[in-house]
Amino acid sequence: MDGDERTNRPDTVTYGRPQHAIESTAVLAFGVCSVVLAVQLASAFPTQPRVVALAVVVGYLAADLLAGIVHWLADSYGSPHTPIVGPTIIYGFREHHDAPEKMLEHDFVETNGASAAAALPLALLAVALPGGLAAGLFAKVMLATLTAAVVATNQVHKWAHMPRVPPAVRLLQRLHLILRPEEHARHHTAPFRTHYCITTGWMNAPLTRLIEVLTGRT
């Protein structure tokens, strides 16, 4: 979508108390799932470290790619008035392109609530999966990592726009373990068609190539 086409202003869509309440519940439920998963997986690494390590890497890469795909779709298709996904997903991305720094005004729930709600079904699946065999453990750890990274994505994105961040966050940015401001700034530069990944940015190049194949753009 061209730069002038991507600004579909959501002037009549608001983030109200009902949505905040729903997302607060989602954040709480995801937190409970995370605690349960942590307890379930506490003894997994010493027994099968390679399986756990591989699952963490795959889950982290998958989260970055998934976040990038959602970002691209929200930027390129539909509108803030599209049923269900419009006010909950598209609205936030479109608002962000109209006013990139406005997300800094959002509280914790508004920043992370939609991601928690989206990730909750997979987190519940991760809790339910048996982890006794290597394949089951891999799936369980991969889903746990994927959902944790997905929920953290908007917070990481927000940090990439903040002029000052805590020292630990800046260290993670410098180590390329989370999205760097310099990397993300390229997304906000014309023609606004690249660098959609907002968890780490590692998957930007593969996603750009995938988008080119799907849309016929080069």
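Is Leu172 buried, partly exposed or exposed, and what is its relative accessible area? In this predicted model, Leu172 counts as partly exposed because its relative accessible area is 34%, and buried would call for under 20% while exposed would call for over 50%.

Leu172 sits in helix H7 and belongs to a nonpolar surface patch, together with Val57, Leu61, Leu171, Leu175, Leu177 and Trp202. Taken together, the patch residues have about 580 Å² of accessible area. Helices H3 (49-76) and H7 (167-174) are the elements that each give two or more residues to the patch.

Now for the inside. The largest nonpolar core has 34 residues, and Phe30, Leu41, Leu137, Val141 and Leu146 are the ones touching the most other members.

H6 is the top contributor, with eleven residues. Apart from this core there's another one, made of six residues, including Trp72, Cys197, Met203 and Ile211.

Helix H1 is worth a look too. It runs for 25 residues and spans 36 Å from first C-alpha to last, close to the 36 Å expected at 1.5 Å a residue. Its buried residues are Gln19, Glu23, Ala26, Phe30, Cys33, Leu37 and Leu41, and they pack against helix H2 (44-47), H4, H5 and H6. Take Leu41: setting aside neighbours within four places in sequence, Leu41 is in contact with Leu137, Lys140, Val141 and Ala144.

Methods:
Residues are numbered from 1 along each chain as its sequence is written. This is a predicted model: local features need pLDDT of at least 70, side-chain atom pairs count only at pLDDT 80 or more; totals for chains, interfaces and linings use all residues. Side-chain values use heavy atoms; hydrogens and water are left out. Patches are made of residues with over 30% relative accessible area and no salt bridge: like charges are joined within 9 Å, nonpolar side chains (Val, Leu, Ile, Met, Phe, Trp, Tyr) within 5 Å. Accessible areas come from the Shrake-Rupley method with a 1.4 Å probe; for residues, only the protein chains shown count as cover. A salt bridge is a side-chain nitrogen of Lys or Arg within 4 Å of a carboxyl oxygen of Asp or Glu. Helices (H or I, at least four residues) and strands (E, at least two) are DSSP runs, numbered from the N terminus. Buried means under 20% relative accessible area, exposed over 50%, partly exposed in between (1.4 Å probe, protein chains only). A nonpolar core is a set of buried Ala, Val, Leu, Ile, Met, Phe, Trp, Tyr and Cys residues joined through side-chain atoms within 4.5 Å. Contact means heavy atoms within 4.5 Å. The expected span of a helix is 1.5 Å times one less than its number of residues.
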